[in-house]
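Biologist: Before I use any of the terms for this model, I would like to see each one set against its cut-off. Please go through them with me.

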Amino acid sequence: VDVFEAIKGRRSIRQFADKPLGKETLEKLLDAARWAPSASNQQRWRFVVVTSPTVKELIKKFSPGIFAIPSAYIVICVEKAPDAGTGADVTYLADCAISAQNIVLAAYEMGIGSCFVLAFSKTALTEVLNLPENVEPLLVVTLGYPAETPEPPPRLALNQIAFLDEYGKEWTP
Ligand SMILES: Cc1cc2nc3c(=O)[nH]c(=O)nc-3n(C[C@H](O)[C@H](O)[C@H](O)COP(=O)(O)O)c2cc1C
């Protein structure tokens with residue numbers, strides 16, 4: 001798939017076929033994730049892949065953003081720098097979000113559906129995944145073969161969100 005086609009064709013998939021994702025497939029997605037850019041190439045992302053049926057079920061229980069059990073989750077976490085705490089270094093938020101987008105675009109190319117999920121209990125997820133104190137879960141990506149083909153939710157027009165030279169000055173094609 002052409003990159004632009006993938007960017008436009010990817011949809012959030014919330015219903016999945018009951019078909020597992022192979023280890024090789026999951027590894028390819030992780031590989032896509034780790035090739036994302038990151039501020040100063042810090043790569044503070046950590047990925048926990050969840051395929052155990054019991055753990056998947058448990059995670060869904062405290063995640064209102066998850067609508068059906070997928071074949072796998074990739075939980076994107078940040079391993080905070082030892083001197084973190086001032087709140088000044090939030091570059092990891094951008095880094096982890098970009099790695100997540102790499103995962104969903106690579107998944108799309110492989111015919112795998114996905115959805116970002118932010119609606120979950122951080123405390124519960126931290127406990128279930130046995131995350132150390134300096135590791136925080138940021139984003140869950142659900143993954144599986146799609147069992148639905150949703151219509152694309154509309155996007156704002158470019159002239160509503162893009163400007164030329166200064167904010168408010170209309171962008172015209
Ligand atoms: C940061 C982020 C958090 C999201 N959280 C959820 C979620 O908790 N549950 C869910 O079903 N979808 C979630 N979504 C998916 C959005 O609803 C979806 O991307 C948006 O409606 C556009 O649809 P599309 O992805 O098919 O283009 C999230 C997306 C992003 C980027």
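Biologist: What percentage of the residues of the protein chain count as buried?

Modeller: Of the 173 residues, 35% count as buried. Buried means under 20% relative accessible area, exposed means over 50%, and partly exposed is in between, with a 1.4 Å probe and protein chains only. This is a predicted model, in which local features need pLDDT of at least 70 and side-chain atom pairs count only at pLDDT 80 or more, while totals for chains, interfaces and linings use all residues. Residues are numbered from 1 along each chain as its sequence is written, and side-chain values use heavy atoms, with hydrogens and water left out.

Biologist: Why is serine 114 called buried?

Modeller: Its relative accessible area is 2%, and the cut-off is under 20%, so serine 114 is buried. Serine 114 sits in strand E3, residues 113-117. Leaving aside neighbours within four places in sequence, serine 114 is in contact (heavy atoms within 4.5 Å) with Arg11, Ser12, Ile13, Phe16, Val104, Val141, Thr142 and Leu143.

Biologist: What makes a set of residues a nonpolar core, and which residues have the most contacts inside the largest one?

Modeller: The set must consist of buried Ala, Val, Leu, Ile, Met, Phe, Trp, Tyr and Cys residues joined through side-chain atoms within 4.5 Å. The largest such core has 23 residues, and those with the most contacts inside it are Leu29, Ile76, Ile103, Val141 and Leu143. Helix H2 (23-34), strand E2 (72-79), helix H4 (91-109) and strand E4 (135-144) each supply at least two residues of this core. H4 gives the largest share, 7 residues. Apart from this core lies another, of 14 residues, including Ile59, Ile66, Leu125 and Leu129.

Biologist: Which residues does isoleucine 103 contact, leaving aside its neighbours within four places in sequence?

Modeller: Isoleucine 103 is in contact with Leu29, Ala33, Phe47, Ile74, Ile76, Val141 and Leu143.

Biologist: How many aromatic pairs does the structure hold, and why is the pair of phenylalanine 163 and tyrosine 167 called tilted?

Modeller: There are 2 aromatic pairs. The ring centres of phenylalanine 163 and tyrosine 167 are 4.2 Å apart and their planes are at 50°, so this pair is tilted. Rings of Phe, Tyr and Trp (its six-membered ring) pair if their centres lie within 6.5 Å; planes under 30 degrees apart count as stacked, over 60 as edge-to-face and the rest as tilted.

Biologist: How do you know whether phenylalanine 163 and tyrosine 167 are exposed or partly exposed?

Modeller: Phenylalanine 163 has a relative accessible area of 28% and is therefore partly exposed. Tyrosine 167, at 73% relative accessibility, counts as exposed.

Biologist: What is the phi of serine 40, and what makes that worth a remark?

Modeller: Serine 40 has a positive phi of about 50° although it is not a glycine. Most residues other than glycine have a negative phi. Asparagine 41 also has a positive phi of about 50° without being a glycine. Serine 40 is placed in the loop between H2 and strand E1 (45-50), and asparagine 41 lies in the loop between H2 and E1. Serine 40 has a relative accessible area of 69%, so it is exposed; asparagine 41, at 52%, counts as exposed.

Methods. Helix = DSSP H or I, 4+ residues; strand = E, 2+ residues; numbered from the N terminus.
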